[in-house]
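Dear colleague,

I am passing on the structure we spoke about, together with a written account of what was found in it. Please keep it open beside this message as you read.

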Amino acid sequence: MTTDHQDAGGELDQMTENLAKVEALAQRLAAVLSKKKAANPSLERPGHDLFVKAGAAYLNEMVQNPAKLFEHQVSYWGKALTHYVEAQQALTQGMIEPPKDIGPKDRRFSNPMWDTNPYFNFVKQQYLFNTEAIETAVSDMDGLEDKDRQRLEYFTRQIVDMLAPTNFLATNPEALSRAIETEGQSLVDGLENLVRDLEANEGDLLVSLADKKAFKVGENIATSEGSVVFRNRMFELIQFSPKTETVHKTPLIIFPPWINKFYILDLKPQNSMIKWIVEQGYTLFVVSWVNPDSSYSDVGLDTYVTDGYIRAIEEVKKITNEPQVNAVGYCVAGTVLSLTLAYFKKKGDKSIKSATFFTTMTDFKDQGEFGVFLEDDFVDGIEAQIEADGVLKSYFMSRTFSFLRSNDLVYGPAIKSYMLGETPPAFDLLFWNGDGTNLPGRMTMEYLRDLCQQNQLVNEGYELLGENLTLKDITVPICAIACETDHIAAWKSSFNGIKQFGSKSKKFILSESGHIAGIVNPPSKKKYGHYLNDGVSGDPDDWKAGASFNEGSWWPHWSEWLAARSGKQVLARIPGDSTNKVLCAAPGTYVVTPQNIEK
């Protein structure tokens, strides 16, 4: 029979053990932070000029229209004071429950204690009042250009989200309860997770979103059968094994973005686009880009076109003995596919029969949410980092994209991992998301300066390989798929770019969901629908208003469009031939070879 004395002794032993663990972890934490390189101020603290403009606009508002600012303050004071009085009255009357919460629900505050406990409810309500006051002050500020206002709202939201009470142990009821229930073990586990993430990024914090031990590329992820049939400095070319006796005559080649690995299209069999395409009777080739190190600093957009796109297309033509291919470009790979198409037009090269674009920007006039990172304060910082390292490290790209959805991809996972001590989930999509790549220095700056900032493809034309290229030079049949809630390539911007292509045959499909889930949307899931309308012209909102909504995946509709441009059926092609022998099995070596570059 256990006595109270024995229970207390056991708890004391557990606490002593945990304190010892904390001390050891603290030493590891200090060691890794001591190795952290000095931050690039332009990357760590962007937006100085922006906040100077905002401060000037706010001071001007105080002088020109003090009544509006006073109205904001009175509204905020009134709500905060009223809630404080109600909470005090409830406590003095012996009421355990807080005043009735009639505000909108926020999933960060889903724990019942935010509504039932007077202290946590008061903290939550005061935070929400503060948030509303700050957002109102920013949105009502006059004297700012639209782009400056968009950036100010973004950075203000980052500050507000960072200061949420859920992000601090003393004001997070779930974390406190877990610490008590586990006798501090959850905090020890959380500190272990924190140290692990810092050590993995040499002192920089990038929250692990998925259990990295749960997946191994080529074993339980990226498992579609195929072979590497060509390799050069820029890419490996994978030909996937046929699953039908006959295939369409014209082969299909997919150019995925080189910001991440190609296997976003081959996560697992049930949601693999690669597997599905092969099963529809296409000879499929996919480019697996190299993860560049500092020796690739001189690689530019022209290198990707010549040693990447053109070389891959030539190899596919040679292997299949076909004069033309159908091509797909995803995200940035779609942007560079547009350069390749325009260049082919100038040269009279008809190697590409049709082109499909997944979530692709070609007109950067409206850069959407990502535009907050495309002003000189950020880009100058990136350029300084590239000059030092030769490449843009994958760490910076991962962090930037994560902060576009900070509550979902930064603070939420950090709370679970560091405060609750949970192991990151075994989630294939998030595993892929953390498997980023570096970007060559020259290519990165050409893309950011020439295409994003100066929008040369739309304005004066982009100079490439001795030719001046514009969107009007793209004349092959086009199918473009954009995603309704895409925060990286806004669908309206994608639409406006495709609209300017010189092609007489253009189709636009708008999928529900975002940049990844809207594309990786297999028919078997019946999850996200899509919009269809004839032509690509006019205002994007008008196009959508006149479109028909269709349940389920857009993949079958695209396959019908592609089949009509893929020729008759021929005997299925087996990977490799006498000139392009099989080098190794899919998914190849470039997708798994680590690039051990000093950070």
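Predicted model: local features only at pLDDT ≥ 70, side-chain atom pairs only at ≥ 80, totals over all residues.

To begin with the overall picture, the protein chain has 20 helices and 17 strands, and of its 599 residues 52% count as buried. Among contacts in the chain between residues at least 6 apart in sequence, 80% join residues at least 24 apart.

The sheet comes next. It is an open sheet of 11 strands with mixed pairing, and the strands follow the order β15-β14-β13-β12-β7-β6-β4-β5-β2-β1-β17. Since β15 (548-550) and β17 (584-585) stand at the edges and have a single partner strand each, one side of each is left without a neighbour in the sheet.

Within this sheet, β12 can be followed in some detail. Strand β7 (residues 352-358) pairs with strand β12 (residues 478-483) in the parallel sense over 4 bridges, with Phe357 opposite Ala480 and Phe358 opposite Ile481. Strands β12 and β13 also run parallel, and 6 bridges join them; here Ile481 stands opposite Ile509 in β13. Is β12 buried or exposed? Of its 6 residues, 6 are buried, so the strand is largely enclosed by the rest of the structure. Both of its faces are covered, with Ile478, Ala480 and Ala482 buried on one side and Cys479, Ile481 and Cys483 buried on the other.

Two helices lie across parts of the sheet. Helix α11 (residues 301-320) lies across β1 (226-231), β2 (235-240), β4 (252-255), β5 (284-289), β6 (325-330) and β7, and runs at about 30° to β2. Helix α18 (residues 491-499), for its part, lies across β7, β12 and β13 (506-511), running at about 175° to β13.

Helix α11 also meets another helix, α17 (residues 441-453), and the axes of these two come within 8 Å and cross at roughly 115°. In this contact, Leu301, Asp302, Thr303 and Tyr304 of α11 meet Arg442, Met443, Glu446, Tyr447 and Leu451 of α17. By class, the contact has 5 nonpolar, 1 polar and 3 charged residues.

One residue of strand β1 may also be of interest, namely Ser227. Ser227 has a relative accessible area of 12%, and it is therefore buried, given that the cut-off for buried is under 20%. Leaving aside residues up to four places away in sequence, Ser227 touches Leu237, Ile238, Gln239, Pro575, Val582, Cys584, Ala585 and Ala586.

The structure holds 2 cavities of 30 Å³ or more, and about 60 Å³ of space lies in the largest cavity. The lining of the largest cavity is made up of Pro256, Pro257, Trp258, Asn260, Lys261, Phe262, Val287, Ser288, Trp289, Val290, Thr437 and Val591, which by class gives 8 nonpolar, 3 polar and 1 charged residues.

With best wishes

Methods:
Residues numbered from 1 in each chain as written. Heavy atoms only, no water. 1 Å grid on protein atoms, 1.4 Å probe; cavity = no way out; pocket = protein on both sides within 12 Å on 5 of 7 lines; lining within 4 Å. Points joined across faces, edges and corners; volume = space filled by probe spheres on them. Nonpolar A, V, L, I, M, F, W, Y, C, P; charged D, E, K, R; others polar. Pairing = 2+ DSSP bridges. Contact = heavy atoms within 4.5 Å. Axes fitted to C-alpha atoms, helices over the stretch in contact; angles between N-to-C directions. Buried < 20%, exposed > 50% of the residue type's maximum accessible area, 1.4 Å probe, protein only.
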